[in-house]
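Subject: Structure handover

Hi,

Here is the structure for you to look through. Please open it alongside this note.

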Amino acid sequence: MPHLHLKLAASAVALALAAPAVFAAEPTTGGNETVADWYNNGQKFVADSKKVFPNNRKAKNVIFFVGDGMGVSTVTAARILEGQMKGATGEENRLSFENFPALALSKTYSWDQQTSDSAPTMTAMITGYKAREGQLSVNHLTTRGECSSAVIATNSVPTLLEQAAAAGKATGVVSTARITHATPAATYAHTSVRDWEHNGQVAAACAGVADPVKDIARQMIELSPTVKNSLKVALGGGRDYFRHNAQFDPENTTKKGLRTDGRDLTAEWVSSRANAKFVYDNAGFAAATPANTDFLLGLFERSHMQYEADRNKTTAGEPSLTEMTEKAISMLKKNQGGFFLHVEAGRIDHAHHAGNAKRALLDTVELSNAVKKAMEMTDPNDTLIVVTADHSHVFTIAGYPHRGNDILGLAREVPNTDGETPTPSLAGDGLPYTTLGYHNGPGAVGRTDLSSVDTTALNYMQQAIVPMGSETHAGEDVAIYANGPKAHLVRGSMEQNWIYHVMRDAFGF
Ligand SMILES: [Zn+2]
C-alpha cells in the first residue's frame, strides 16, 4: 500500500514538516490518507463553508424525511457500514444528508415523556406543538383514550400537510411502515390513541360512545375536501387496516382484512377520486405513472413493508424507499404550485427493537439513498429538504476497535506493534465482544463466547444487558440536517417542535 508516500500540496508543507516520522512498517489498522490529506480536507471544508450563504427564498417544495429511531449512533454506524460495503475503511464515508450545510440537535422529550414514542414526536415536528404519549396531532389537553370525535376536533392542531394543502400545494406521504402507523399518520390524522388504526380497535375501546373518533385508515380516506384533493400519493404498508374481514387479500389469498365495518377503503380511494389507482405490488407500482394517475394509493404489505435487506424485488414484490420517493416526487411535481412530501424510513426503529443492528443500518443506508434521489430530482434554490429522527435507540458503538474494523464484527484494538494483525479485544470476563450493542432488549441472554459466531450475519442479535422483549427508545437528542430555503434556521439546540416552525416559515405560511 503506497499510502504513506507523501504527496504534499503547497499549503500542507508547514504541517507536513512538523509531522512525525513515517512508520517503520506500514500499519494494517489505519486509513489510506496521506498526512497532507488531513490538512487539505480541513482547508477545503473552511473554503467550502465560506461559500455557504443563507437562502432566504420561499420554499416552493418541502420534503421532510424522518428516520424512525435514527439516533446519532445509528447514523455513525450506518455511515461506516455503507463505506465498508464500498470497500473502504468506512469511518470517513458520508451519508447523503451529512453533506447538508445546516445541522442542529433536536430535544425529543414530549409533554409527558422523558423518552418518547413516535406519536408525540411526529406531532411536534408536523404541527409545532409538543403532545402526549401515543397521541397524534392533538394538543396536550387531550385526555388519554379520549373517544369523542367532538373533543378530538376541538383539540386538533393543524398539520403542515394540511396547511400545505390549503395553500394549493400537492401533498404526499411515504413510509416503509404501515401508512397508518404513528409517524405517517400524524401528517393527516387526529386521534388520542395511535393504535386505533382500523375501526375494530376504536369500537373495542369506545363502546357506547355516541360519536367516536374515526379510525386512522378511515381518516386517510375521508379527508376534508381540500386535503383530499391535495393528497396525490400515499405509499407504504398496512393493507389489512383498509380492507374488511370478509375480504381476501390480493397477495395472500388465504388472509382477510381487519376492518369489521364491511368497508374496503382501497376501493373507496379509487371510487371517490378522479383518475385514482390502488396498487399492491411492483407490477402495479411500475404501471402507475404521473401520466396515467392523479391519485395513487400503494399498500405493498398487509402490515409493515419488508426491511430493505429482505425485500422481494421481483414484479410480485415491493418498491424500495428510494423508488417510492422517486415516484412520489414525480407525481407531486405535476402541481405547478409546489408540494409537501413526508418520507419515513419506518423500520430502522423496528430492527432496533428486535436488537438486530444490521437490518436497522441497511434501512438507514436506504434512507440515505432516498434523500440522494430527492436531491437529484429537486433544486436546492426552491426545495427545502429536512432529514431528522423522531427519537433515538439504546444503541452503542463501543470499545476501541481499530480504523476499518468490520462495524458488525468483534471489536479489535490497534495492536501494540505496527504490522501485527489485530485480535479480538477481551472484556473483563475474558470473552470478546461486538463493537455494536444495546443497553437493553432481546439480546440480553447472558454473555456467550462469540469467538466462532458470525456477528455480521443478517439475523445476528447484538448482546444487551437489561433483558426486555423489545429493545427501547432512548432519550438523548437526535440530529436535524437541512438544505435549501431557510435551512440556516435549523441551528443549535432545538426543541423538536421548532422543526415545524422552520418548515412553515420556509413555505411562507
Ligand atoms: Zn419504536
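Below are notes on the zinc site, the disulfide and the salt bridges.

This is a predicted model: local features need pLDDT of at least 70, side-chain atom pairs count only at pLDDT 80 or more, and totals for chains, interfaces and linings use all residues. Residues are numbered from 1 along each chain as its sequence is written, and side-chain values use heavy atoms, with hydrogens and water left out.

**Zinc site**

Which protein atoms are the donors of the zinc ion? They are D349 (OD), D349 (OD), H353 (NE2) and H473 (NE2), lying 2.1 to 2.3 Å from the zinc ion. Donors here are N, O and S atoms within 2.8 Å of the metal (3.2 Å for Na, K and Ca); water is not among the atoms, so sites may look incomplete.

The angles subtended by the four donor atoms run from 57 to 150°, so the arrangement is irregular. For reference, four donors count as tetrahedral if all angles lie between 85 and 135 degrees; four count as square planar and six as octahedral if opposite donors are over 155 degrees apart and all others between 65 and 115; anything else is irregular.

The donor residues follow the spacing D-x3-H-x119-H in sequence. H353 lies in helix α14 (residues 348-353) and H473 in strand β14 (residues 473-474), so this pair ties together parts that are 120 residues apart in sequence. Helices (H or I, at least four residues) and strands (E, at least two) are DSSP runs, numbered from the N terminus. Both H353 and H473 are buried. Buried means under 20% relative accessible area, exposed over 50%, and partly exposed in between (1.4 Å probe, protein chains only).

**Disulfide**

A search of the whole structure turns up one disulfide. The term means a pair of cysteine sulfur atoms within 2.5 Å. C147 is joined to C206, with S to S at 1.9 Å. C147 sits in the loop between α4 (118-127) and α5 (149-155), and C206 in the loop between α8 (199-205) and α9 (216-221). The two cysteines are 59 residues apart, so the pair links distant parts of the chain. The torsion about the S-S bond is about -80°, so the disulfide is left-handed. C147 is buried at 9% relative accessibility. C206 is buried too, at 4%.

**Salt bridges**

Side chains of opposite charge can pair when their charged atoms come close. The rule used here takes a side-chain nitrogen of Lys or Arg within 4 Å of a carboxyl oxygen of Asp or Glu. The count comes to 32 salt bridges.

R403 is worth a look. What does R403 pair with at 2.6 Å? E33 forms that salt bridge, 2.6 Å being the gap between the closest N and O atoms. E33 lies in the loop between α1 (13-18) and α2 (35-49), and R403 in the loop between β10 (395-397) and β11 (436-438), so the pair ties together parts 370 residues apart in sequence. E33 counts as buried, at 17% relative accessibility. R403 counts as partly exposed, at 21%.

R403 also meets E91 in a salt bridge (3.0 Å, N to O). E91 is in the loop between α3 (72-85) and β2 (102-107), 312 residues from R403. E91 is partly exposed, at 26% relative accessibility.

R144 and E133 form another salt bridge (3.2 Å, N to O). Both are in the loop between α4 and α5, eleven residues apart. R144 is partly exposed at 49%, and E133 is partly exposed at 35%. Separately, salt bridges that share partners join K214, R218, E222, R263 and E268 into one network.

Best wishes
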